[in-house]
Amino acid sequence: MRTPIVAGNWKMNKTIAEARELVTAMRGELAQLAADGKIEIVLCPPFIAIPEVAALVKGTPLRVGAQNLFWEAKGAFTGEIAPAMLNQVCDYVIIGHSERRQYFGETDESVNKKVRAALAHHLKPIVCVGENLAQNEAGQTQAVVGAQVRAAFKDLARDDARGIVIAYEPIWAIGTGKAASGAGANSIIGLTIRGTLAELYDEATAQAARVQYGGSVNAKNGAEFFAQPDIDGALVGGASLVAADFLAICKAARA
Ligand code: PGA
């Protein structure tokens, strides 16, 4: 049995004060939902709000994640954040989000370096993969997503691979209000993502890894994804900024 995991990717939203307000509004109910271990809930604020959010959820089952990291340990890398800085206040880190790939030069190779750096510092990676609209329409989804998974997991040992969360996020579904269908996402996750993990490792590893769906998940459509056998929760953008919506999604995802 895989425990579903819902992560709120706040992206570049919320000041520290706004973060405090949002977390205060939902943490009691979220903590209750997560109390018996039937769902894992992760909040991923911008870097500067992470310590505040971590302090607010301390002592609850709620977890905190970052939206990026750099792979070097320290030094002259202006503007970057090291794994050993994050693991003081985070359990998770999102790696390879399509916005980072599209706007900030993230590549399959840098994703792999970041995954290794995260694992070496006991941060759990949430690795994002997904095809763009043109690739989808050209029937390249399986090839693109399979290649992204292979690159992200390059040279990783099986025990490390099992602990990595993958988020399948078709780029055409992110922030567009046009979510994938539950069955469509399930089939890419089952056939392509778990299929690739089975090829790289074995069937048990493919079945053990948790794979989220992401892309326009909201309070209404969440249940359609969570009913699918291969989907283990969601990576939520826009709807994670609204307490009532994020709560509704987490409720629907609870096993
Ligand atoms: P969205 O974003 O829920 O706003 O579509 C999802 C994501 O980018 O992780």
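Is Ser216 buried or exposed? Select Ser216: it is buried, with a relative accessible area of 18%, where buried means under 20% relative accessible area, exposed over 50%, and partly exposed in between (1.4 Å probe, protein chains only). This is a predicted model, in which local features need pLDDT of at least 70, side-chain atom pairs count only at pLDDT 80 or more, and totals for chains, interfaces and linings use all residues. Residues are numbered from 1 along each chain as its sequence is written, and side-chain values use heavy atoms, with hydrogens and water left out.

Helices (H or I, at least four residues) and strands (E, at least two) are DSSP runs, numbered from the N terminus. Ser216 is not a glycine, yet its phi is positive, at about 60°. Most residues other than glycine have a negative phi.

Now select the ligand and the residues around it. The ligand is surrounded by 13 residues, and the closest are Lys11, His97, Glu169, Gly175 and Ser216; a residue is counted here if one of its heavy atoms lies within 4 Å of the ligand. By class, four residues of this shell are nonpolar, seven polar and two charged. In this scheme Ala, Val, Leu, Ile, Met, Phe, Trp, Tyr, Cys and Pro count as nonpolar, Asp, Glu, Lys and Arg as charged, and the others, Gly among them, as polar.

From an oxygen atom of the ligand to a polar side-chain atom of Glu169 is 2.6 Å. A polar backbone atom of Ser216 lies 2.7 Å from a ligand oxygen atom. For Gly238, a polar backbone atom is 2.8 Å from an oxygen atom of the ligand. The ligand taken alone exposes 280 Å², and the protein buries 95% of that; these accessible areas come from the Shrake-Rupley method with a 1.4 Å probe, and for residues only the protein chains shown count as cover.

Select helix H1, residues 16–34. Where is its kink centred? The kink, of about 50°, is centred on Arg27. The bend at a residue is the angle between axes fitted to the seven residues ending there and the seven starting there.

Colour the buried residues of H1: Ala19, Leu22, Val23, Met26, Leu30, Ala31, Leu33 and Ala34. Their cover includes strand S2 (40–44), helix H2 (50–57) and helix H12 (243–253).

Cys250 is in helix H12. This residue counts as buried because its relative accessibility is 0%. Not counting residues up to four places away in sequence, Cys250 touches Val6, Leu30, Leu33, Ile39 and Ile41, contact meaning heavy atoms within 4.5 Å.

Move to helix H5 (residues 108–120), where Lys114 is located. What is the relative accessible area of Lys114? The value is 5%, so Lys114 is buried. Leaving aside neighbours within four places in sequence, Lys114 is in contact with Asn68, Leu69, Trp71, Ile95 and Glu106.

Select Asn68 from that list. Asn68 sits in the loop between strand S3 (63–66) and helix H3 (83–86) and is buried, with a relative accessible area of 8%. The side chains of Asn68 and Lys114 make a polar contact at 2.9 Å. A polar contact is a pair of N or O atoms within 3.5 Å; within protein, one must be able to donate a hydrogen and the other to accept it, and residues adjacent in sequence count only if both atoms are side-chain atoms. Beyond four places in sequence, residues touched by Asn68 include Phe47, Leu86, Val93, Ile94 and Arg100.

**Strand S5**

Ile126 lies in strand S5 (residues 124–129). At 0% relative accessibility, Ile126 counts as buried. With neighbours within four places in sequence left aside, the contacts of Ile126 are Ala7, Tyr92, Val93, Ile94, Ile95, Val165, Ala167 and Gln212.

**Asp155 and Arg158**

Finish at the loop between helix H7 (141–152) and H8, which holds Asp155. Asp155 is not a glycine but has a positive phi of about 60°. Its relative accessible area is 62%, so Asp155 is exposed.

Then select Arg158, in helix H8 (residues 158–162). Arg158 counts as partly exposed because its relative accessibility is 41%. Tyr201, Asp202 and Thr205 are touched by Arg158, not counting residues up to four places away in sequence.
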